[in-house]
Amino acid sequence: MTTFPEPEPLDTGTPQQVDEDALLADVAEQVDDLEQLVDITPLDHPRRILLVHAHPDDETVGTGATIARYVEEHALVVVVTCTRGELGEVVDPALADLASTGPDDDRLGEHRVGELAAAMEALGVREHRFLGGPGRFRDSGMMGEPTNDDPRCFWQADEADTVGALVGLVREFRPQVLVTYDANGGYGHPDHIQAHRVTTAAFDAAGDPAYAPALGEPWQTSRLYHTAIPDAFLQRAVELGVLPADESQRPRGVPDSEIDAVIDGTAQMGAKVAAMRAHRSQIDLTQGLWHALVAAPEFAIENYVLASGDRLPGDGEHGWQSDLFAKE
Ligand SMILES: [Zn+2]
């Protein structure tokens, strides 16, 4: 009769010993590599974030370091831009002839599609979409301008079209985190206010099985963040002489104690500046506001207020969280 030796107990460790974050980071990296070779779905990426911005360059100026950080960490980063920025200012004299000459002049918007693509490359973003497709919603111009009344502009767009388009993207990419502006759009531009409204509505609608079933399976995003400028940063910008001391002439700040998450993008500043450089029709890095701002260390720090979802206190000053995906 044959006897078998007692098997050695397998040392599998206890579940508590598994470092879940390290494991997820490992999976994320492998999925990122595999994506070059085979078709994978958004859900194969353990962490997914979708940012909604109004015009080309907003994604870079407001959230470029955050985007670059999560790309580096192998999260799926989706950037949605609502308009092509047809009516923006042209700061580069070499491109001055692109400035809008009237309501049917789309040349600047078409040019900015290319600048935005270059910025996405600098930040490492593979998934960029224009809401409803490029040119679907037109730049509305600054608040109070006659262009706000253009029926083709984002400000005048039908809610079913705008929210439906974003719900389709949320259900396709299934992000855990959505990012957009606060109710004032950060500084009162109609397209930024509209981006806030559309994202707020889509956050709820995407998870509602009764809303437009044809747009895909319901998906409830866990957290909605608003970009924010802390008062301390505004104060610093006034000291640097890049913003006026008069409060009515500068963006609205948020008290530092109301900030929920702080992304330190110091290590990502190279990518952020490269993406800013790609937006050459509207950002001049050689002088003025942007020249001064990129030299300020605070510009690498991007701040967020949690609008919906679980607030988990972090270990930063005022309980700031340092990760938009933070879990218990
Ligand atoms: Zn904008």
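**View 1. His318 lies in the segment that follows strand 7.** Strands (E, at least two residues) and helices (H or I, at least four) are DSSP runs, numbered from the N terminus. The phi of His318 is near 55°, a positive value in a residue other than glycine. Most residues other than glycine have a negative phi. His318 counts as partly exposed because 14 C-beta neighbours lie inside 10 Å. A residue is buried with 20 or more other C-beta atoms within 10 Å of its own, exposed with 12 or fewer, and partly exposed in between; C-beta atoms are placed from the backbone.

This is a predicted model: local features need pLDDT of at least 70, side-chain atom pairs count only at pLDDT 80 or more, and totals for chains, interfaces and linings use all residues. Residues are numbered from 1 along each chain as its sequence is written.

**View 2. His74 sits in the loop between helix 2 (58–72) and strand 2 (76–81).** Its phi is near 65°, again positive in a residue other than glycine. His74 is buried, with 21 other C-beta atoms within 10 Å.

View 3. Strands pair if DSSP finds at least two bridges between them.

**View 4. Strand 4 (residues 177–180) pairs with strand 5 (residues 223–228) in the parallel sense.** Four bridges join the two. Leu178 stands opposite Leu224 in strand 5. Axes are lines fitted to C-alpha atoms, for helices over the stretch in contact; angles run from 0 to 180 degrees between N-to-C directions.

**View 5. Helix 4 (residues 159–173) packs on helix 5 at an angle of about 55°.** The axes are 9 Å apart. The two helices are therefore oblique to each other, a class left after roughly parallel (under 35 degrees), roughly antiparallel (over 145) and roughly perpendicular (65 to 115). In helix 4, Glu159, Thr162, Val163, Leu166, Val167 and Val170 meet Val198, Thr199, Ala201, Ala202 and Ala205 of helix 5. Contact requires C-beta atoms, placed from the backbone, within 7 Å.

Methods
Two residues are in contact if their C-beta atoms, placed from the backbone, lie within 7 Å.
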